[in-house]
Amino acid sequence: MKKILLFAAAAALLSSCAPKNQYIIEGNLAGVTGTVYFFDEEQQVVDSAAVDNGTFRLKGTVEGPAMYMLSDAKDQTGTFYARFFLEPGTITIADDAENPMFKKATGTPANDANTAWNQAAGALIRESRAPETTDERSAEIEQEYYALFDSIYQANRDNCFGAFMLVQQVSERSAQELLDEIATFSPELQASSLLSNLKQTAEAMLRTEVGQPYIDIVQPDAEGNEVSLKSVVENPKNKYVLLDFWASWCGPCMGEVPYLVKTYKEFHKKGFEIFGVSFDNDREDWLDAVKENKMDWIHVSNLNSWDNQAREDYAVEGIPANFLIDAEGKIVAKSLRGEELYAKIAELLK
C-alpha cells in the first residue's frame, strides 16, 4: 500500500491550469470567523474577505496557472486551509466531514473531479488500514485503487485535474510515455505550468536514460573545494562511477548505505568509485552521517536540500536515486537498489 499512500499525499497539492477568465470563490464554513486569506503559488496573500456568520465571497480574474489556497490565518496555521484548482466559474469551499482541518472545493470541472477522486480513493485507503482487512483484500484494494486512478485520469483528460493526475505518474511511466501522453492534451493545457514543467522533467529523464552521456556536476566537498563529477569519471583509476543522490534525513537512503559500503569495500580497488550528492541542508547532519556510517567515498553538497541543479539535470523526483557511469562517460545502469548494486558491479568487474 506504499504507493497508495504516496498518491494520496500528492493529491493534496493542487496546481491550476485555467485560462484567463473570471472566477468566484464562495464558502459557508462552520466555526470560521474573522477573515479568510487567499494565497498565490508563492504563498503570498493576494486577496482577503471578511467572514459573516461563516460565509465569504471572493471574485477576480484568473491571471495564469498557479497553486492557490485559502486559510483563516495569514501564517496558514488557522483552523483550516483549502487547496484547489483556480479556474473560471464559481468555486464553492465546504466542510469535509472526513477531515475537518481540510476543506473540499466543488463547482468547476477540475475541482469536482478532484473531490470525487479524494472521496473514492479515501474510502479505499481507509479500508486498507482497517485492522480487519485481510492481506488478500488489501491486494484487491491496491488493484482497485490503480483501476480507479486510471479511469478518473482518462475521464478528465480535458481539464486541469487530468493533467495533475498525469504528473502523479512520473515515477510509473518512462520519459517517452510521459511525452506521448502530454501530446494528447489540448494546446492550452500543454502550455500550463503543470504540463510544461512535466515536459521539462520528461526531457531531462530522456537525457539521463541508459546509454546517454552523463551530465557533469560541480559542487563543494566537506572542505568547501569544488569537485566535479567529470574529474572522477575521467580518473584513469576509475572504471565505473556510481552517481548517488541521497540525504541524511532520508530513511530509504540510509537503508541503502550498508549495500553501498559493502560494494565499495570490495570493488573500490578494482575501479569502482562513488560520487555522492547530498540533498541535506544541515552541514553537521550531512558530515555526521558520512562519518558514522563509514561512507568513505567522494561526497559533495550545496546544502540547499532539493534546490539543486543536479536534481533538475538528472530529473530526480525522489531519493535515493543513482546512475552508474562507465569510463567512456556513458550511463550503463540506473536505480540500482540493495543487492542489485553489488550484483551489477560484480558482473562488470569480475
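**Salt bridges**

Mentor: Happy to! In this predicted model, the count of salt bridges comes to nine. Let's look closely at some of them.

Start with Glu-26 and Arg-57, whose side chains meet in a salt bridge with 3.8 Å from N to O. Glu-26 belongs to strand β1 (residues 22-28) and Arg-57 to strand β4 (residues 55-61), so this pair ties together parts that are 31 residues apart in sequence. How exposed are the two partners? Glu-26 has 28% relative accessibility, so it counts as partly exposed. Arg-57 is also partly exposed, at 49%, and the cut-off for exposed is over 50%.

Now move on to the helices. Glu-127 pairs with Arg-137, and their closest N and O atoms are 2.7 Å apart. Here the link runs from helix α2 (residues 109-129), where Glu-127 sits, to helix α3 (residues 135-155), which holds Arg-137, so the parts tied together are ten residues apart in sequence. Glu-127 is partly exposed, with a relative accessibility of 30%.

Another pair is Glu-339 with Lys-262, where the closest N and O atoms lie 3.6 Å apart. Glu-339 is partly exposed at 44% relative accessibility, and Lys-262 is partly exposed at 38%.

Finally, go back to Glu-127 and Arg-137: through salt bridges that share partners, they join Glu-140 and Glu-144 in one network.

Key:
Residues are numbered from 1 along each chain as its sequence is written. This is a predicted model: local features need pLDDT of at least 70, side-chain atom pairs count only at pLDDT 80 or more; totals for chains, interfaces and linings use all residues. Side-chain values use heavy atoms; hydrogens and water are left out. A salt bridge is a side-chain nitrogen of Lys or Arg within 4 Å of a carboxyl oxygen of Asp or Glu. Helices (H or I, at least four residues) and strands (E, at least two) are DSSP runs, numbered from the N terminus. Buried means under 20% relative accessible area, exposed over 50%, partly exposed in between (1.4 Å probe, protein chains only).
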